[in-house]
Amino acid sequence: MSYEIRRVAVIGSGTMGGALAAHFANAGLDVSLLDIAPNKLTPDEEKKKLTLEHPAVRNRIVNAGMNAVVKSKPAALFTPQTAERIRVGNLQDNFDFVADADWILEAIVENLDVKRALMERIDAARKPDSIVTTNTSGIPIHAIAAERSESFQQHFLGTHFFNPPRYLKLLEVIPSPDTLPAVVAYIKQFGENILGKGVVVCKDRPNFIANRLGSFLGTYAMRYSLENNFRVDEVDEFTGAAIGHPKSATYRLCDLVGVDVMYHVAENLYNAVPEDEARADLKPPEFLKTMVERGMLGNKAGHGFYKEVKEESGKKKFYALNLNTLEYERPEKFFFDSITNSEMYDTLAEKLRYLVQQDDRAAKFIWDSTAHYLAYASHRVPEIADDIVSIDNAMKWGFAHEAGPFETWDMLGVAETVEKMDAQDIAVAPWVKEMLANGNASFYHNGSYYDPASKAYRALAAAPNIIVLKNTRVISENDSASLRDLGDGVALLEFHTKMNALDDNIIEVAHTALDEVDKNFVGMVVGNQGEHFSAGANVIGIWMMAENGEWEKIDEVAKALQDFTMLLRYSRKPIVTAPFGYTLGGGCEVTMAGSRIVAHAESYVGLVEVGIGVIPAGGGCKELLRRVVAPAMQTPNADVLPFLQRVFETIGTAKVATSAAEAKQLGFFGNDTRVIMNRDHLIAEAKKTVLDMVAENFQAPPRAKIYAAGERALAAIRIAIYSMVSGKYISEYDAFIGNKLAHVLCGGKLTAPAWVDEQYILDLEREAFISLCGEEKTRERISHFMNTGKPLRN
């Protein structure tokens, strides 16, 4: 049987259910969000003389859940309009929504009897081929489906999303013994391709994979901290980026997730695994229970392991919890030679190998917690998963670790660490020693992974929709950029500076790339696999040139970027840009210059130059005029001001789209932009788009004309700017920058509206950019941004 999911019913409108409904709507699915009807009126409803049968009362609970989704921060929805894909109802009046659904997902209270009662109703109402899943994290999957029909059990499984599901990549899929393999396979590919998830198939064991290991890491770190007199903020200093973990580290992560959630997950696990060899390490420390009882629940309560305190000086600081007294203490500065010295190494493997050989407090903590974590992970095979790849992926996708436990072990050297662990009575699983005894020195080797069951290496599964750039051929490169061969006649221009900021070296390789593509390739992708596509131009370089009064050099740099974007736009071969993450300033300008855009859904896009006191000068002003104003002015007698004001506000307020969908609304992305949910697929899909454009006989676009509105429109915008200053909404210098921007967008000194060449606007961009770089207040803003990462309003 083949499956197709278009309509999803989510039952339970709490934090998780609502967030899942939002993410399914983000993916373009039609969603029904359901919850119970109230059995009691609120005082406000009684005052209004409503009854339990009134529609507003019947849907009060689900409407509250939906309102929370709309208002959530960070946003659960790609755009406010995405909410229109979600209809709400209650389980008494609207159970027919369940009958219509292709996928029914339960996200209600963690109570087995309540879940079973709901499943009985679903069993009676569902379509024969509909898939039913539970988002439980603590109840056995097989127990929830017990006593249901054969068809129900064949189409039932666990789908454990991490919260918030829009932003966290992991989806754990947990089949029961009766789940059809075809259903598991379909949900796996649907999760990857449509929902953008990293999917691992788990066994029906307590806490599945990620929370099983994550709970161990958390409780072990807490107990070690308490027994060895470590401060909370001290531990967070070296258990984050220093070891390839997120900045939230250990205790900030608990505050983020919720101390109560952390405690209940750990407590449930401790009670559910009496046979676990490391059960004593899983028991949550007593102070965690006390924190829950006192309401010290983390960020949602305003205090947990950290509390924001306003000191007498007026400055706010985050005080850290003393684990012995449960009182908050002023933060301290911590310096560890091991951490400082590890920064000289480029790779995580080099850093970790160095750290575990040191003997200061930080290094001892890192070694001890890592050694026990690796040993614990080894004992979980095959209990929670049959293969080490699933365990590694779960920890990378669920907790944003740079490497999973077995990948980390390989970095440290398996034989060396096992010898050291043996000396400290840290017991590893027998299969690890057997692997070493048989001459297999690592868990991964030449594209294969070690399989304990067969006692041999197995090839890693091929993923045709994933291209790993480091495995492709380099044609040309320097320190900032590379030209790579993706195969099938498609090249790729890759940036690899810090934050992929644009510099002279990137422009140099870009010109080489365009020449090479013109001669030897059918098209090119502009993309990379860094943390972000590009955070903009090299601000430090601009500041230094401005401080030295090198105005001609600044003009050359801006002109080089403009020329590059124009070459992209008018290339006779298709150029597909593949943005993701931060796509700001010059990164946004490069993106807009492509023949087509294939974007990751989580692209944060904007022309943010006004934040440092300048305006876009790589074609950004010109391009928004071309995309937003010019099409509107093709209509006879159209009023230019609404469209011009839209562009002015977008650039002048440094608006940043918080999704690819919003980038379309703001004009940064065109309506023909393909949006990809799974970032791992981005380069492969961009390459496919290049080949599709070639097959469609791609032709370079004709030279564009830009509508310049002239002096009347400029006067109208200047009046608006004056009003903003008078109302103290912006500073005098903000207005100065705004007037420069308006001058460019309206076409400079034109006395009447006119259609002008693109170069005319590009020249105005550069002129204004150089002029602003010459202002002392702009240089102050750039300097402040370099030092703080934040804009200055002077």
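## Cysteines

Cys 746 is buried, with a relative accessible area of 0%; buried means under 20% relative accessible area, exposed over 50%, and partly exposed in between, for a 1.4 Å probe and protein chains only. The model is predicted, so local features need pLDDT of at least 70 and side-chain atom pairs count only at pLDDT 80 or more, while totals for chains, interfaces and linings use all residues. Residues are numbered from 1 along each chain as its sequence is written, and side-chain values use heavy atoms, with hydrogens and water left out.

A search of the whole structure finds 0 disulfides, a disulfide being a pair of cysteine sulfur atoms within 2.5 Å. Cys 746 is in no disulfide, and the nearest cysteine sulfur, in Cys 621, is 11 Å away. Cys 773 is also buried, at 0% relative accessibility. For the sulfur of Cys 773 the closest cysteine sulfur is again that of Cys 621, at 13 Å, which is too far for a bond.

## Second largest pocket

The second largest pocket has a volume of about 1300 Å³. On a 1 Å grid over the protein atoms alone, a pocket is an open set of points where a 1.4 Å probe fits, with protein on both sides within 12 Å along at least five of seven lines; lining residues have an atom within 4 Å of a point. Grid points are joined across faces, edges and corners, and the volume is the space filled by probe spheres set on the points.

The lining of this pocket has 47 residues, and those closest to the centre are Ala 535, Gly 536, Ala 537, Asn 538 and Val 539. Elements that each supply at least two lining residues include helix H23 (504-520), helix H24 (539-547), helix H26 (586-593), helix H34 (776-788) and strand S20 (581-584). Helix H25 (551-569) is another, and H25 gives the most, with 6 residues. Helices (H or I, at least four residues) and strands (E, at least two) are DSSP runs, numbered from the N terminus. By class, the lining has 30 nonpolar, 9 polar and 8 charged residues. Ala, Val, Leu, Ile, Met, Phe, Trp, Tyr, Cys and Pro count as nonpolar, Asp, Glu, Lys and Arg as charged, and the others, Gly among them, as polar.

## Ala 630

Ala 630 lies in helix H27 (residues 620-632) and is buried, with a relative accessible area of 5%. Leaving aside neighbours within four places in sequence, Ala 630 is in contact (heavy atoms within 4.5 Å) with Leu 625, Lys 705, Tyr 707 and Trp 755. Trp 755 is 125 residues from Ala 630 in sequence, with a C-alpha to C-alpha distance of 8.8 Å.

## Strand pairing

S20 belongs to an open sheet of 3 strands with mixed pairing, in the order S20-S22-S23. S20 and strand S23 (656-657) are at the edges with a single partner strand each, so one side of each has no neighbour in the sheet. Strands pair if DSSP finds at least two bridges between them. Strand S22 (residues 603-606) and S23 are antiparallel over 2 bridges, with Gly 606 opposite Val 656 in S23.

Strand S9 (residues 306-310) and strand S10 (residues 316-321) run antiparallel, joined by 5 bridges; Tyr 306 is opposite Ala 320 in S10. These strands, S9 and S10, form a hairpin with 5 residues between them, and Gly 314 in the turn has a positive phi of about 95 degrees. S10 also pairs with strand S11 (residues 328-329), antiparallel through 2 bridges, where Glu 329 is the bridge partner of Ala 320. The S10 and S11 hairpin has 6 residues between its strands, with Leu 326 in the turn at a positive phi of about 60 degrees.
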